[in-house]
Amino acid sequence: MAMLFKQLDIKDLEGFFSTEENCLKFLAEKKWEEGFICKTCGNFNYCKGKTLYSRRCTRCKHEESATAHTIFHRCHIPITEAFRIVYMVCHDPSVSTYELSRQVELRQMTCWKLKSRLMECLKSQGEVDILFHDQKKP
Ligand SMILES: [Zn+2]
């Protein structure tokens, strides 16, 4: 089941994705759909990490959060608010960051950062995938 953010509707947002736990669960399930692989050492075995839905490599102890390497990578805002922003941008890419910041009650700069990442995805792939493909990395 490939779920892209374009298909996210307001019912999902106000229902399933209204809790932090469900948002993280969703990201973890999608990200590790084909199994866990440690980004540091390539190991496939993991145990539960310290934060909700994070996974910890059993060999090198590297811990990866549910949001790491997703569109929300290093995005320090409440995950439920981040989902709202994705929803709003996907449904109306012309939405201003001023409007976003008013809706989610976050600083405009914070909204701008996430929005520009989303727009990059929309431009290059025509949709927002939950996985963030950083062009700078080899
Ligand atoms: Zn490892």
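Predicted model: local features only at pLDDT ≥ 70, side-chain atom pairs only at ≥ 80, totals over all residues.
Local features are taken where pLDDT is at least 70 and side-chain atom pairs only at pLDDT 80 or more, while totals for chains, interfaces and linings use all residues. Residue numbers start from 1 along each chain as its sequence is written. Helices (H or I, at least four residues) and strands (E, at least two) are DSSP runs, numbered from the N terminus.

The strands come first. An open sheet is formed by three strands in the order β1-β2-β3, with antiparallel pairing; two strands pair if DSSP finds at least two bridges between them. β1 (46–48) and β3 (63–64) are the edge strands, each pairing on one side only. Strand β2 (residues 55–57) runs antiparallel to β3 and is joined to it by two bridges. Within this pairing, R55 stands opposite E64 in β3.

A nonpolar core is a set of buried Ala, Val, Leu, Ile, Met, Phe, Trp, Tyr and Cys residues joined through C-beta atoms within 7 Å. A residue is buried if 20 or more other C-beta atoms lie within 10 Å of its own, exposed if 12 or fewer, and partly exposed in between, with C-beta atoms placed from the backbone. The largest nonpolar core has 23 residues, of which L24, A82, I85, V86 and L118 touch the most other members. Two or more residues come from each of α2 (20–31), α3 (79–91), α4 (97–104) and α5 (108–125). α3 gives the largest share, six residues. Setting aside residues up to four places away in sequence, I85 touches L100, V104, C111, L114 and K115, where contact means C-beta atoms, placed from the backbone, within 7 Å.

I85 also takes part in the packing of α3 on α4, where E81, R84, I85 and M88 in α3 meet L100, Q103 and V104 in α4. By class, this contact has four nonpolar, one polar and two charged residues; Ala, Val, Leu, Ile, Met, Phe, Trp, Tyr, Cys and Pro count as nonpolar, Asp, Glu, Lys and Arg as charged, and the others, Gly among them, as polar. The two helices pack at an angle of about 140°, with axes 10 Å apart.

The last stop is F17, in the loop between α1 (10–14) and α2. F17 counts as buried because it has 20 C-beta neighbours inside 10 Å. Beyond its neighbours within four places in sequence, F17 is in contact with D12, N22, C23, T80 and F83. The C-alpha atoms of F17 and R84 are 8.9 Å apart, although 67 residues separate them along the chain.

How values were computed:
Contact = placed C-beta atoms within 7 Å. Axes fitted to C-alpha atoms, helices over the stretch in contact; angles between N-to-C directions.
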